[in-house]
Amino acid sequence: MNSIIFLIVVCCIYYLFNKYYEEYVQERYHYYFGTFVIVYCVLLYLFNFESQFTYKVLKNIHDTSKQPLYSFNSKESNAELFQSQYPNFNIKETLLTLQNGRCNACSNFIMKEDLHNCKLKYKTPLQNGGQNQVENIGIVCPQCFEFQ
Ligand SMILES: [Zn+2]
């Protein structure tokens with residue numbers, strides 16, 4: 001309610017200004033003022049009667065501005081960017097270290113020489129709600145990958 005009173009007061013001031021200082025008023029001021037009133041009314045409407053919608057829009061803007069830029073790219077270019085930033089990062093070696101050098105399924109040791117034969121596998125499959133994150137990926141030996 002206060003904001004409507006504020007708008008009325010502003011309109012009154014503008015009206016009086018036009019009445020008593022006519023020689024200073026230019027035509028474009030009317031356009032500016034009209035634009036201001038329209039924008040003000042739209043904002044008023046959004047915040048009072050469409051608050052849920054406004055909240056969603058503002059939240060989206062907030063989330064988007066917090067998101068790192070590279071995540072806007074497609075999955076492939078994201079991987080390329082990651083690779084260019086961490087040229088020495090090897091996901092298989094990293095996972096093998098995390099798993100103490102053992103297969104994630106059968107716990108047999110995996111030799112470094114066999115690493116290129118080993119496969120990455122989601123611990124919780126994506127269709128069962130698993131996340132596409134390193135924590136959800138395990139490295140398994142070729143036998144386990146084929147016979148599971
Ligand atoms: Zn295995």
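**View 1. Confidence across the predicted model.** Mean pLDDT for the protein is 83, and 90% of its residues reach 70 or more. The model is predicted. Where pLDDT is low, the predicted coordinates should not be read in detail.

**View 2. Order of the elements.** Six helices and two strands make up the secondary structure of the protein. Read from the N terminus, the order is α-α-α-α-α-β-β-α. The protein has 148 residues, of which 5% count as buried. Among contacts with a separation of 6 or more, 41% join residues 24 or more positions apart.

**View 3. Helix 1, end to end.** Helix 1 covers residues 2–20, 19 residues in total. At 1.5 Å a residue it should span 27 Å, and its end C-alpha atoms are 27 Å apart, so the two values agree. How many of the 19 residues of helix 1 are buried? The number is zero, so helix 1 lies largely in the open.

**View 4. Helix 2, end to end.** Residues 27–49 form helix 2, which has 23 residues. From first C-alpha to last, helix 2 reaches 33 Å. That is close to the 33 Å expected at 1.5 Å a residue. The count of buried residues in helix 2 is zero out of 23, so this helix lies largely in the open.

**View 5. Helix 3, end to end.** Helix 3 takes in residues 51–66, 16 residues in all. Its first and last C-alpha atoms are 22 Å apart, close to the 22 Å expected at 1.5 Å a residue. Zero of the 16 residues of helix 3 are buried, so helix 3 also lies largely in the open.

**View 6. The largest nonpolar core.** Which residues make up the largest nonpolar core? There are seven: Leu 96, Cys 103, Ile 110, Cys 118, Ile 139, Val 140 and Cys 141. Take Ile 139 as the centre of this view. Leaving out residues up to four places away in sequence, Ile 139 touches Lys 92, Leu 95, Leu 96, Gln 99, Asn 104, Cys 118 and Leu 120. Of these partners, Leu 96 and Cys 118 are core members too.

View 7. Gln 99 is found in the loop between helix 5 (91–98) and strand 1 (119–122). Is Gln 99 buried, exposed or partly exposed? It has 15 other C-beta atoms within 10 Å, so it is partly exposed; the buried class needs 20 or more. Beyond its neighbours within four places in sequence, Gln 99 is in contact with Asn 104, Gly 138 and Ile 139. Gln 99 and Gly 138 are 39 residues apart along the chain, yet their C-alpha atoms are separated by 8.1 Å.

**View 8. Asn 100, a positive phi.** Asn 100 lies in the loop between helix 5 and strand 1. Its phi is positive, about 55 degrees, although Asn 100 is not a glycine. Asn 100 has 8 C-beta neighbours inside 10 Å and so counts as exposed.

**View 9. Ser 107, a positive phi.** Ser 107 is placed in the loop between helix 5 and strand 1. Ser 107 is not a glycine, yet its phi is positive at about 65 degrees. With 11 other C-beta atoms within 10 Å, Ser 107 is exposed; the cut-off for that class is 12 or fewer.

Key
Residues numbered from 1 in each chain as written. Predicted model: local features only at pLDDT ≥ 70, side-chain atom pairs only at ≥ 80, totals over all residues. Helix = DSSP H or I, 4+ residues; strand = E, 2+ residues; numbered from the N terminus. Expected span 1.5 Å × (residues − 1). pLDDT = per-residue confidence, 0-100. Core = buried A, V, L, I, M, F, W, Y, C linked by C-beta atoms within 7 Å. Contact = placed C-beta atoms within 7 Å.
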